[in-house]
Amino acid sequence: MRNTETTAKRLAILGSTGSIGTQALDVVRDQPGHFQVELLTAGSNADLLVQQAREFRPNAVVIADRARHAEVRDALFPLGVKVYAGLEAIEQAVCMEDIDLVLTAMVGYAGLRPTLAAIDAGKPIALANKETLVVAGELVTRRAREKGVNIYPVDSEHSAIFQCMAGEWDNPIEKITLTASGGPFRGWSRQQLSGVTRAQALKHPNWSMGAKITIDSASLMNKGLEAIEAKWLFGLKPEQVEIIVHAQSIIHSLVQFRDGSMKAQMGLPDMKLPILYALAFPHRLATDWPRFDFARYPSLTFEPPDLEAFPNLVLALEAMRRGGNAPCVLNAANEVAVEAFLQERIGFLEMSDLIADRLAKANFVPSPDLEALQATDSETRQAAHESLKSPAWRS
Ligand code: NDP
Ligand code: MG
C-alpha cells in the first residue's frame, strides 16, 4: 500500500480510528497514488490502530493511552513502524518533516494542542476538530495567518461555504446560511425531549458519526459550535451567520454576497466528499460514489430552528456573541454534559441546564491567551463535575 511516488500528498491523520479518521482512510484507499499515510494517531483503540498501520504502513503511529503502548509497539515492530505514546507525542509527531497535510479528526478539546503544534510547524490543516476553533478560534486563526498556514474545512457545512467561495475571495460575504438536519428530534416539544433516551439520541437520521457529535447534533449544540467555527474560518461577525433547518441534508450550506446573489453547495450526505475536497484541494479527484438523484428528493424543505425546544443553540449563539473565553466555557461544560448524558447520569434537557449554569457563573476573560483558555477549560470541567454531584443547577 505504501506509495513511493513523490507526487502523493503525505498525510498525518489525527484520530484515525474514529468516524472521520476511518472515512479519511477509505478516501486514501479509493485514490491510489494520490495520498500516502505518514502518521496515524488514536486515543485508546490499539487493535484498530495496529490494523490500519498494517494496511497503510505509516512512518509512525501514536497511541494517546500509554497503557496500550507496549501492545502496539510489539505488534508493529516487525514492520519497522515507529510507535509512540501520550498526548505530547502527538504534538511532536505532527511536526515530522515528511508530513504535507495534517487532518485533525480527534474529538473535543484534546485536538487543540496538536493542531497548534502542526500550525507552528507550518503544516497545512484539514480541520474536522471543530472544538479547536470554538475554544481558541482567535488564537488558532491568528497563528495560522502568521505562519502562512491554510486551514481547509472538513465539516460539511464549512466545506460547502469554502467551495462556494472559490473564485470569490475578493468579494465580501454578506451572510452565510448553515443548514442543519434538525437531528432525530426535529419537531419534538420540550416535554417530549425531557424523556429522550441515550439510544434515541444516538440515532441520527442522515449521518453516521462518533458518539459526541451525534449527541451534539441531536441537541443542536453542533450547529451552535459550527456557527462559531464558521465565524473564525471565514472572518464573520456573529450577525452574519444564519441557521436554517433543512431535513434532507442535501444543500450543505449557502453564501450570500453583497449583490444579493446566493451560492449553495449540494450533494448526498456523505462525509467522504468534504474529506476528499480538503485532502485534494485545489483539485477535484474522480470518484465512483453514488450520485444525487432528483427523483429520490422531489422536494427540499427549509424551516427555522426551534429555539425554545433546543436551548443549546441559543447558549452557543450567545457565547459566540460574548466572545472572549465564553465559547471555551460552553465547550468544556458541553463535553462534561454530553459524557454525563451518555453515561445516563443526566437527562437530555439537563445538558442545557448544566451548560447555562456554567456560562452564568464562570469568570469572563475578554482576550484569553492559551494559558487562560487552558485554565478556563479545566476550571469549567471541574466545576461542572462538582455540579453533577448536587442538583442545585437543575431548572
Ligand atoms: P470519533 O469519536 O468517532 O473519533 C475520535 C477520534 O479521536 C478517535 O480516533 C479517538 O481514538 C481519538 N481520540 C479521542 N479522544 C482522544 C484523546 N484524548 N487523545 C487522542 N485521541 C483521542 O469522532 P468523530 O470522528 O465523529 O469526530 C472527530 C471530530 O470531527 C470531532 O471534532 C467532530 O466534531 C468532527 N466532525 C465529525 C463529523 C462526523 O461525521 N463524524 C462531521 C463533522 C465534524 P479512539 O478510537 O482510540 O478512542
Ligand atoms: Mg457539520
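Buried, in this tour, means under 20% relative accessible area, while exposed means over 50% and partly exposed lies in between, using a 1.4 Å probe on protein chains only. You are looking at a predicted model, in which local features need pLDDT of at least 70, side-chain atom pairs count only at pLDDT 80 or more, and totals for chains, interfaces and linings use all residues. Residues are numbered from 1 along each chain as its sequence is written, chains are lettered from A and ligands numbered from 1 in the order in which they are written, and side-chain values use heavy atoms, with hydrogens and water left out.

**Stop 1: strand E8**

Select residues 173-180, which form strand E8. Helices (H or I, at least four residues) and strands (E, at least two) are DSSP runs, numbered from the N terminus. Six of the eight residues of E8 are buried, so the rest of the structure largely encloses this strand.

Strand E10 (residues 251-257) pairs with E8 in the antiparallel sense over five bridges, and Leu-178 faces Ser-253 of E10. Strand E9 (residues 241-245) runs parallel to E8, joined by five bridges, with Ile-244 in E9 as the bridge partner of Thr-179.

**Stop 2: the seven-stranded sheet**

Next, colour the open sheet of seven strands, whose order is E4-E3-E2-E1-E5-E6-E7 with parallel pairing. Strands E4 (82-85) and E7 (151-153) are at the edges, each with a single partner strand, so one side of each has no neighbour in the sheet. On average, neighbouring strands are turned by 20 degrees against each other, direction ignored. For such angles, axes are lines fitted to C-alpha atoms, for helices over the stretch in contact, and angles run from 0 to 180 degrees between N-to-C directions.

Select helix H3 (residues 69-76), which packs on the sheet and touches strands E3 (60-63) and E4; contact means heavy atoms within 4.5 Å. The direction of H3 makes about 175 degrees with that of E4. Four bridges join E3 to E4, and Ala-60 stands opposite Lys-82 in E4. Click along E4 to see a covered face with Val-83 and Ala-85, and an uncovered one with Lys-82 and Tyr-84.

Move on to strands E1 (residues 9-14) and E2 (residues 35-42), a parallel pair with six bridges. Ala-12 has Leu-39 of E2 as its bridge partner. Also in E2 is Gln-36, buried with a relative accessible area of 8%. Its side chain makes a polar contact of 2.7 Å with that of Glu-38.

**Stop 3: ligand 1**

Show the 25 residues that surround ligand 1; the closest are Thr-17, Gly-43, Ser-44, Asn-45 and Glu-131. Here a residue counts if one of its heavy atoms lies within 4 Å. Draw distances from oxygen atoms of ligand 1 to backbone polar atoms: 3.2 Å for Gly-15, 3.1 Å for Gly-18 and 2.7 Å for Asn-45. A polar contact is a pair of N or O atoms within 3.5 Å; within protein, one must be able to donate a hydrogen and the other to accept it, and residues adjacent in sequence count only if both atoms are side-chain atoms.

**Stop 4: the magnesium ion**

Finally, which residues coordinate the magnesium ion (ligand 2)? They are Asp-155 (OD), Glu-157 (OE) and Glu-226 (OE), at 2.1 to 2.3 Å. Their spacing along the chain is D-x1-E-x68-E. Glu-157 in helix H7 (residues 156-164) and Glu-226 in helix H11 (residues 221-234) are 69 residues apart, a pair linking distant parts of the chain. Both Glu-157 and Glu-226 are buried. Donors are N, O and S atoms within 2.8 Å of the metal (3.2 Å for Na, K and Ca); water is not among the atoms, so sites may look incomplete.

Key
Two strands pair if DSSP finds at least two bridges between them.
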